[in-house]
Amino acid sequence: MGRKVAIIGAGVSGLASIKCCLEEGLEPTCFEKNDVIGGLWQFTDIPEKGRTNVYRSVVSNTSKEMTCFSDFPFPESCPNYLHHSLVLEYLKDYAKHFHLLDCIQFKTTVYSIREHPDFTTTGQWVVYTEANGKKASTVFDAVMICSGNFTEVNLPLDSFPGFENFKGHYIHSREYRDPKGLEGKNVLILGAGNTGGDVAVEVSRIAAKVFLSTRNGAWVLSRMSKAGWPSDMVFQTRFLSFIQGLLPVRVRDKLLAKKFNQWFNHENYGLLPIKSSLTYVIINDELPSCILCGSVVVKPNVKRFTETSAIFEDGTVEENIDVVIFTTGYAPSFLFLEESVRNVCKSSTFLYKQVFPPHLQKLTLAFIGFISVTGSILPAVELQARWVTRVFNGFNKLPPMNRMMHEVAKQKKRLLKKNNIKKSK
């Protein structure tokens, strides 16, 4: 076998990384802290601390044709959009078909990854693990971090003055499984992303009132295009991406806004995004109808809370709020990495091609799936894993450090300019 590679996590990114390692003649060992594969696609009835899972009703936002790995299509019997249980079954079949399970050490926590004393020469890493109360350390030639973006909850309580006095109940969406227990309640949902839209629709079926608070608005798109095909198959094509890339940003945004408003006028529904057309897009077939029927009421950002009410930035007040659900997302966490590496990896923007920490003397550590994509994550992580494993086995070469650092700096500058343009709108 070839060089030994440690893979952290057996979710979507980890499975793709194992397979690519095997194909490139590398020797992968995947460490998974749980007893199953699938990462967040593994549903649990009871939320577990430190573990992010889908809620009971989740259906994929991308079609099976656009979601699958390149050499392993979904079965024909599957619907175009997939319940989370079907996605998990697919990942299990993928792992079984390509003999990936033999490379995974389950119930094994990685608590530290440190440069080997000879790192400047060998590029090796020492991976410290714990399983069944026993600690161990192993030297690897390379490491692939596949723990993803959904590690720590983003619970911005301090962003809402007066929330410390709120007498109602609150949870983060990581704790949400289904609307049971919310019968007849007045529920306020903070955050109008995909999760916020899904939860608002589902809770509205049994709650007394549901308020969906959005800071930035969102374009709401249907899973189905006019012709009845899955929307992503029609609109997420290389040709349309190429055309969009040729257009000035303002022209592109204006055309997209016109297209998005063909289903319904977002301004009339209180959802008109205040920023770029591509920044806030959610997939939800039922939300517009719920808003139209009054079962979900869209509100602006919360200005402050009282003991029982929420006061919004437009001056309106909603009394007797029983439950607040934060659908405010997650933050990545890489506490197992040494500080010098962790500080560079606060954002994928700091990484070369959003994969490699460019400051390392030996580029033998890479992040897979530490990205946000338009569409399915599976094809993206497969491409990342292919590239990284070919770098590790020497078939592909990376530019010198100064060139990578220069490209990262340019990426940061583009992002800063983009944000300033958004703020000026």
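Modeller: Buried means under 20% relative accessible area, exposed means over 50%, and partly exposed lies in between (1.4 Å probe, protein chains only). This is a predicted model, in which local features need pLDDT of at least 70 and side-chain atom pairs count only at pLDDT 80 or more, while totals for chains, interfaces and linings use all residues. Residues are numbered from 1 along each chain as its sequence is written, and side-chain values use heavy atoms, leaving out hydrogens and water.

Biologist: Let us start with the sheet: what is the order of the strands in the open sheet of 5 strands?

Modeller: Strands of a sheet pair through backbone hydrogen bonds, either parallel or antiparallel. Here the order is E3-E2-E1-E7-E20, with parallel pairing, where strands (E, at least two residues) and helices (H or I, at least four) are DSSP runs numbered from the N terminus, and two strands pair if DSSP finds at least two bridges between them. Strand E3 (104-105) and strand E20 (365-367) are the edge strands, each pairing on one side only. Strand E2 (residues 27-31) runs parallel to E3 and is joined to it by 2 bridges, and Phe31 stands opposite Gln105 in E3.

Biologist: Which strands does helix H1 touch?

Modeller: Helix H1 (residues 12-23) packs on the sheet and touches strand E1 (4-8), E2, E3 and strand E7 (142-145), contact being heavy atoms within 4.5 Å. The direction of H1 makes about 170° with that of E1; axes are lines fitted to C-alpha atoms, for helices over the stretch in contact, and angles run from 0 to 180 degrees between N-to-C directions. Helix H11 (residues 377-392), for its part, lies across E1, E7 and E20 and runs at about 170° to E7.

Biologist: How many salt bridges does a search of the whole structure find?

Modeller: Side chains of opposite charge can pair when their charged atoms come close. The search finds 11 salt bridges, each being a side-chain nitrogen of Lys or Arg within 4 Å of a carboxyl oxygen of Asp or Glu. One of them joins the side chains of Glu24 and Arg390 (3.4 Å, N to O). That pair links distant parts of the chain, since Glu24 is in the loop between H1 and E2 while Arg390 is in helix H11, 366 residues apart. Arg390 is partly exposed, at 31% relative accessible area.

Biologist: Where do the partners lie in the salt bridge between Lys353 and Glu407?

Modeller: The side chains of Lys353 and Glu407 meet at 2.8 Å, N to O. Lys353 lies in the loop between helix H10 (339-344) and E20, and Glu407 in helix H12 (residues 401-424), so the pair ties together parts that are 54 residues apart in sequence. Lys353 counts as partly exposed at 46% relative accessibility, and Glu407 is partly exposed too, with 29%. Salt bridges that share partners also join Lys19, Glu23 and Asp71 into one network.

Biologist: Which residues make the nonpolar surface patch of about 670 Å²?

Modeller: The patch is made by Phe239, Phe242, Ile243, Leu246, Leu247, Val251 and Leu255. Patches are made of residues with over 30% relative accessible area and no salt bridge, where like charges are joined within 9 Å and nonpolar side chains (Val, Leu, Ile, Met, Phe, Trp, Tyr) within 5 Å; the areas come from the Shrake-Rupley method with a 1.4 Å probe, and for residues only the protein chains shown count as cover. Helix H7 (238-246) and helix H8 (249-260) each give two or more residues, with H7 giving the most, 4 residues. Phe242 is found in helix H7 and is exposed, with a relative accessible area of 53%.
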